[in-house]
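Please read it alongside the sequence and the model.

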Amino acid sequence: MNFKIKSFSEYESECNRASDNPEGFWSSIADHYSWQQKWDQVLDWNFTEPNVKWFLNGKLNITENCIDRHLAERADKTAILWESNFPDRDSEAITYQQLHYKVAKAANGLKSLGVKKGDRVCLYMPMIPELAIAVLACARIGAIHSVVFAGFSAQALADRINDATCNIVITSDGLYRGAKTVALKAIVDLALEQCTCVKSVLVKKCTSDPVAWEGGRDYWWDELMDQQSASCPAEQMDSEDPLFILYTSGSTGKPKGVVHTCGGYMVYAGYSFANVFQYDEEDVYWCTADIGWITGHTYIVYGPLLNGATTMMFEGVPTWPDGGRFWEIVEKHKVNQFYTAPTAIRALMTCGEEVVNRSNLSSLKVIGTVGEPINHEAWEWYKRVVGDNKVPIVDTWWQTETGGIMISGLGGHSPQKATFAGYPLPGIQPCLVTPEGKEITENGVEGLLCIKHPWPSIIRTTYGDHERCRVTYFSSFEGMYFTGDGARRDENGMYRIIGRVDDVINVSGHRFGTAEIENAINETDFIVESAVVGYPHDIKGQGIYAYVICDKPISDFDQARKDITAMVVQEIGPIAKPDKIQFVVGLPKTRSGKIMRRILRKVAEGEPDKLGDTSTLLDPAVVEDIVKGAH
Ligand code: WTA
């Protein structure tokens, strides 16, 4: 698709074209894709309900754009390049032709199990090619995929399956993650004790470890695929039919299912990929995220395949067998674009430069980062050690809700400034507002980051609860989408994301609501109440600091900490384990009973001398105890 911007001046003129006439601009971008029927209206929107529709009455199937349309020119080009967890195992290259065949078989396999357009399919899988194939197979037949990261617990999985009333789960016997194996099928079996909606479980063999089997419900992936035809016509989808649901955490309540739709998501995923990564036809592109997160959806599967790219999938972890693994893979496959998270960069920094220098990284043309603010030290190290001081860094700011990258450099075309994401993509209209909702128009300021105009891949709703979508994103500031982030805009209009201003914490690039972790902790039988805050953590960005009140004096603190941690692992998963647990007798509350998290944050940050005004507290003495007992 020929919509790649080739210079900064072209970027500027595209921005002008988009702001002068957003609908004309996006329709010219959408024209690059193949549609079964053209839209009759580009956009219909208001941010009050909210109601956003793009490319109205357009008909398409995203998989025809990801696969079929490349067969004429790229049938034998590698679409998915898979690298195993084990360095000595062979990689796997799946061409566009083979992908076409595998997706058709998987789509027919799903149909044979009764899956229809509009049904929800839960994917709880390792980073193996079948995960991407299953995603595309759902899209092929118009089923809505809901991928759940395979690090979540049985309880978290059950919650997500029930919320979306999925009738099928696709999983594997187990998975490899570095030196560990995880028995995924057993976790699914446990989750399904709570899910009456699930009628079938499709299991890909991965570790070959023994699994329990429920006849009539469980099917082996390979056996089912063997029986299928390799041709499956693409279901005709409306632009606004849902493509997928992806659960993400907010300030309150349980994680919510962010819904993206077929047309707009496709247009923005392909456009943003081509421009941010400046992908060229022969390049090998690698995003190290997991497909369980939005980054994997948009920038491992859809964005690259829409552009006919070679996209790499890696099953393992950056630090196993040692901290050189990423760099060995870059050398082995001559990776041209490499996209990872600050937490991985910080972890790999601790392994030393010599580990990086063992590998030849001269193939790199663009290196990217996503998921959390990148600190100065990590940015400089990435630039110098990985990028040899010459490869441009794209610091890409976006969210599950935005569907694609919103603020970022475009390869090497944009000005670079350490820790700054930079300028918005054409057609994106960010702004900063005061807490009172007044837009700040000058530069050299900080404010709350909002977006003023819809873009094609904006969240459409939260599954099953549209009101929640309205309240969370569209009610804080009238006529604007509120991101939940604070940002700084420098004198030149470049943006630097400061971080969340709500009760969401970002741990190793994973989003958690503090309330979600508190609810898990409170399930422990001896816990009366808890409060969770984030604090700066050298590797994870933010660590989880939990203040807990017990129903009786504790004699064995180590055991109590273990019990609390085990409960969080059971309720959410190991990724949400608290880093610090402090036992307290009370929490700082206002007279109306609200916890003053500001105080807890300051103590957790190790700045008890900066508590500010505590005069509105019900019992200021509580604070002294907390400060004394802090870690
Ligand atoms: C944060 C991940 C600073 C931010 C794609 C946002 C970032 C949240 C950046 C979304 C970045 C993401 N710089 N912060 N480049 N990218 N964030 O939904 O706080 O998992 O609101 O999407 O991550 O996280 P999510």
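In this predicted model, helix α1 (residues 8-20) packs against helix α2 (residues 22-30) at an angle of about 120°, and their axes lie 5 Å apart.

**Contact of α1 with α2**

- On the α1 side, the contact is formed by E14, R17, A18, S19 and D20.
- The α2 side contributes P22, G24, F25, S28 and I29.
- Classified by residue type, this contact of α1 with α2 comprises four nonpolar, three polar and three charged residues.

**Burial of α8**

- Helix α8 (residues 184-192) is largely enclosed by the rest of the structure, because seven of its nine residues are buried.
- The buried residues of α8 are L184, K185, I187, V188, D189, A191 and L192.
- The elements covering these buried residues include helix α7 (154-163).
- Strands also take part in the cover, among them β8 (168-172), β9 (175-177), β10 (180-182), β11 (200-204) and β12 (218-220).

**Ligand surroundings**

- The ligand is surrounded by 17 residues, of which D395, T396, T400, D485 and R511 are the closest.
- In the side chain of D395, an N or O atom is 2.7 Å from a nitrogen atom of the ligand.
- The side chain of Q399 has an N or O atom 2.9 Å from an oxygen atom of the ligand.
- For N506, the distance between a side-chain N or O atom and an oxygen atom of the ligand is 3.4 Å.

Key
Residues are numbered from 1 along each chain as its sequence is written. This is a predicted model: local features need pLDDT of at least 70, side-chain atom pairs count only at pLDDT 80 or more; totals for chains, interfaces and linings use all residues. Side-chain values use heavy atoms; hydrogens and water are left out. Buried means under 20% relative accessible area, exposed over 50%, partly exposed in between (1.4 Å probe, protein chains only). Helices (H or I, at least four residues) and strands (E, at least two) are DSSP runs, numbered from the N terminus. Contact means heavy atoms within 4.5 Å. Axes are lines fitted to C-alpha atoms, for helices over the stretch in contact, and angles run from 0 to 180 degrees between N-to-C directions. Ala, Val, Leu, Ile, Met, Phe, Trp, Tyr, Cys and Pro count as nonpolar, Asp, Glu, Lys and Arg as charged, and the others, Gly among them, as polar. A residue is near a molecule or strand if one of its heavy atoms lies within 4 Å of it. A polar contact is a pair of N or O atoms within 3.5 Å; within protein, one must be able to donate a hydrogen and the other to accept it, and residues adjacent in sequence count only if both atoms are side-chain atoms.
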